[in-house]
Every structure is written in structure tokens, then in C-alpha cells.
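Keep the structure open beside you as you read.

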Amino acid sequence: LALATFESLTTLRSAVQVAVAVTAGAERLDELSSTSTVALAPWPAQYTLHCDHVLVESHLGTRRVSTSIPPGRRVAISGPSGAGKSTLLRALARLDELSGGSIMVGSTALADIAEDQLRRHLVVVPSEPGLLHGYVRDVLGMGRALEDADLDALAQVGLRVDRNDVWQELSRGERQRVALGRALVRRPDVLLLDEPTSALGEVETSAVLELLSTLSATVVVATHDPRVLAWCDEVIDLATAPA
């Protein structure tokens with residue numbers, strides 16, 4: 001009887017703790033919803049990216065990045081491992097809050113652009129992409145109808161598939177190329193790439209760069225690959241950026 005009672009009391013205590021946690025979480029959500037504002041600005045027709053003293057913190061210390069990236073320009077973010085390349089890229093993608101400084105798209109603050117507008121025109125490809133199992137049409141399209149040009153882009157980087165083929169186990173290099181193909185389906189104005197060639201050989205890297213060369217989009221790529229650095233118009237080296 002004592003053991004049964006103890007078990008019941010333990011269950012009741014756990015239930016109370018869960019209820020308190022849920023209530024506290026709901027209160028925090030209510031507080032956030034009452035104080036936050038929704039970004040409503042459209043994607044600007046003139047979409048030069050302006051970074052004004054954007055703060056990047058890493059093992060190198062604090063770095064501040066100021067630059068302007070006109071439409072169609074290719075810019076590399078370089079530096080040793082852990083220098084903050086991905087951090088800066090995530091800030092440009094508005095996936096992380098800025099620690100300092102500001103980012104503008106044309107004359108509009110990045111933070112003011114409506115989420116659906118931002119994700120339609122600016123696409124980020126992470127270094128470790130996910131959601132790559134299933135039918136080609138679903139993985140690539142993500143709800144959009146595929147065009148022949150989308151499959152041609154994959155073929156150009158060495159992946160020849162049909163809409164109804166199924167992807168199950170992909171190598172890291174294949175995942176990188178599939179994620180790039182999925183990004184291009186959206187026809188973005190700005191393409192942010194995080195180490196897109198880290199798992200690719202020389203032939204695959206050349207094919208990827210050749211494909212990217214056909215785009216009119218702005219390309220910002222975090223990389224330490226010398227082939228990618230040479231392909232870009234400009235290199236932002238975080239190791240030498242001002243503190």
C-alpha cells in the first residue's frame with residue numbers, strides 16, 4: 001500500500017510540475033506576442049545588401065564587418081575554422097539576432113521585411129542540409145512544381161534523376177548538391193551558401209561554380225576553399241576584419 005501510494009504521489013507531482021511548466025510557457029508566449037511587432041515591409045526592388053559594423057563574435061575575438069554587396073555580386077566570407085563565417089551568414093539570413101550593427105536591404109532594414117517576402121527572395125543553404133529523403137519532386141520542389149530546368153541544373157552538377165526517383169541514402173557531397181538544386185528552384189535574388197563545396201572533389205566543385213556562374217542572383221558564400229575564393233569578386237576575411 002505504501003509503495004502504491006508513493007508511486008501515485010510521484011505521478012501527481014510530475015503532473016503538477018508539467019502543468020506549471022506549460023502555464024509558465026504560455027505566459028511567456030503571451031508576453032512575447034503582446035510586445036513583438038510583425039515585420040511587414042516588402043522585399044525592395046533595389047536589394048543591395050548593406051552591413052554597417054555588424055558584430056561577429058568568435059574565438060578570434062570581436063570583429064565588425066562593414067560592406068555593401070550590389071545585386072549579382074559574388075562575395076566570399078573567409079577565415080579559419082570557428083572565425084564566425086557561419087555566424088555572419090546566419091545574420092544575413094536573419095536566422096540569428098544581431099549582437100551589434102545593422103543590416104539593410106536597399107533602404108529597408110532586414111528586420112523589417114515580411115517573413116514570407118524575405119524567404120521568397122533570399123535563400124540560405126546550410127553546411128549540413130536536411131529533409132533530403134523521398135521523391136525527387138517533393139525534396140526539390142517543396143510544394144512547387146518542378147521545371148525541366150531544375151532537373152537540368154542537378155544534371156549539370158552530376159546528379160541525373162527523374163521527378164519520380166526516390167532519394168534514400170545520399171552521400172554528404174550529394175546532399176550539398178541536392179540542397180543547392182532545391183535552393184535554385186525558388187529563383188532567389190540572394191543566395192547564401194555555407195561551405196557548399198566542403199565535401200566535393202575538384203570536378204564537382206568546378207561544376208557547381210559553373211552552375212552558379214549562370215545565375216543573376218547575388219551569391220554570398222562562407223568558405224575556405226581556394227577555388228571558391230578565386231571565383232568570387234570580393235573576399236571578406238574575418239581574420240583581418242577590424243575589432
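## Two helices side by side

The axes of helix α6 (residues 172-185) and helix α7 (residues 202-213) come within 12 Å and cross at roughly 5 degrees. Here axes are lines fitted to C-alpha atoms, for helices over the stretch in contact, and angles run from 0 to 180 degrees between N-to-C directions.

Which residues meet? From α6 come Arg-177, Leu-180 and Leu-184, and from α7 come Glu-204, Val-208, Leu-211 and Leu-212; contact means heavy atoms within 4.5 Å. This set divides into five nonpolar, no polar and two charged residues. Nonpolar covers Ala, Val, Leu, Ile, Met, Phe, Trp, Tyr, Cys and Pro; charged covers Asp, Glu, Lys and Arg; the others, Gly among them, are polar.

## How to read the model

This is a predicted model, in which local features need pLDDT of at least 70 and side-chain atom pairs count only at pLDDT 80 or more, while totals for chains, interfaces and linings use all residues. Residues are numbered from 1 along each chain as its sequence is written, and side-chain values use heavy atoms, with hydrogens and water left out.

Buried means under 20% relative accessible area, exposed over 50%, and partly exposed in between (1.4 Å probe, protein chains only).

In α5, Asp-150, Leu-151, Ala-153, Leu-154 and Ala-155 are buried, and what covers them includes α4 (136-141), β8 (166-167), α6 and α7. Gly-158 follows α5 with a positive phi, near 95 degrees.

## A threonine in β5

Thr-108 lies in strand β5 (residues 108-109) and is buried, with a relative accessible area of 17%. Leaving aside neighbours within four places in sequence, Thr-108 is in contact with Ala-41, Pro-44 and Ile-113.

## The whole chain

The protein chain has eight helices and eleven strands, which are DSSP runs numbered from the N terminus (helices H or I, at least four residues; strands E, at least two). Buried residues make up 41% of its 243 residues.
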